Amino acid sequence: MMRDCDTLLVIGSSFPYTQFLPEFGQARAVQIDIDPHMVGLRYPFEVNLVGDAARTLRRLLPLLEQTEDRAWQKTIEDNVARWWQVMERRAAVEADPVNPEYVTHALSGLLPDDVILSSDSGSAANWYAQHLRLRGAMRGSLSGTLATMGPGVPYAIGAKFAHGDRPAIALVGEGAMQMNGMAELVTVAKYWRDWADPRLIIAVFNNRDLNQVTWEMRATEGAPQFLPSQSIPDVGYADFARSLGLAGMRIDKPDGVTGAWEAALAADRPCVLDCVTDPAVPPIPPGATLDQIAAAAASVLKGDSDRAAMIRQGFRAKVQEFLPGGHR
């Protein structure tokens, strides 16, 4: 998304952009999409341009009048810089035993330039979106607003069949891993020797909880954690991987996170990282609404089984937004 003078330009029809368009008031809304069926799908644009984004932009840009006022651009730059400061501090917050934000944040700087990433739905998608900086030829995919459970590992396997010479990394929750990811490891074990680059890394956020649903219940309904439905067994994901001839490591201390990523990226075969993470770390993004905070607080009053840790970790994460350092 780009704004120049009073023109707002959106490429594609991605929901995360279009939901904010009404905030731009009288700006002319221009959409570029290669698929004519997608133009105007989510928002009534004034100008719809059908074509390849790069070629269309090259022809469009000379027609725009450039503004000298860079205040809006500076605001965006400052906010992005501030975002990464907050994410770094949130990743450094202590947890029991490992902060899931740290698991993902530690990966970001180690990503190979040609990596293909995938994420399952759930809390893993929050950490994927908030902490990974994609650049250059890196590619990533996830279910998005469909919130399909279980695609993380199959997406990574599909990436390896399409691009066997590139490393693939999947971030998944243990709910999805138990549902179909472990069975998909059998597929990985069968085919990985056919890939030019054998690296396929699956990081399992093992917090023994269907975590995203737990937090959604807290934040939207004020409902406490419902253990009979949300609690799931601790499974030896790394052990299972090794039983199939793959590599596997269990990480239950923060000081083992970076070394585990480095070892997995240097392995001569696919690898499963069983990351034992804290379910009390909230996947609610920075800028949570007062209604969400009030609802989560209500779940504590109703006797949430994890209320002490939830309050502690929620406060530690939230306070990072208010520490000094950069524009907010």
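User: How many helices and strands does the secondary structure of the protein come to, and what makes a run count as one of them?

Analyst: The protein has 13 helices and ten strands. They are DSSP runs, H or I over at least four residues for helices and E over at least two for strands, numbered from the N terminus. The model is predicted, so that local features need pLDDT of at least 70 and side-chain atom pairs pLDDT 80 or more, while totals for chains, interfaces and linings use all residues. Residues are numbered from 1 along each chain as its sequence is written, and side-chain values use heavy atoms, without hydrogens and water.

User: Why are α3 and α4 called oblique to each other?

Analyst: The axes of α3 (residues 71–91) and α4 (residues 100–108) cross at roughly 125 degrees and come within 8 Å. Axes are lines fitted to C-alpha atoms over the stretch in contact, with angles from 0 to 180 degrees between N-to-C directions. Under 35 degrees is roughly parallel, over 145 roughly antiparallel, 65 to 115 roughly perpendicular, and the rest oblique; α3 and α4 are therefore oblique.

User: Which residues make the contact of α3 with α4?

Analyst: Met87, Glu88, Arg90 and Ala91 of α3 meet Glu101, Tyr102 and His105 of α4, contact being heavy atoms within 4.5 Å.

User: What makes a set of residues a nonpolar core, and which has the most contacts inside the largest?

Analyst: Such a core joins buried (under 20% relative accessible area, 1.4 Å probe, protein chains only) Ala, Val, Leu, Ile, Met, Phe, Trp, Tyr and Cys residues through side-chain atoms within 4.5 Å. The largest has 27 residues, with Leu111, Ile169, Leu171, Trp261 and Leu273 having the most contacts inside it. Helix α11 gives the most, five residues.

Note on methods: Buried means under 20% relative accessible area, exposed over 50%, partly exposed in between (1.4 Å probe, protein chains only).
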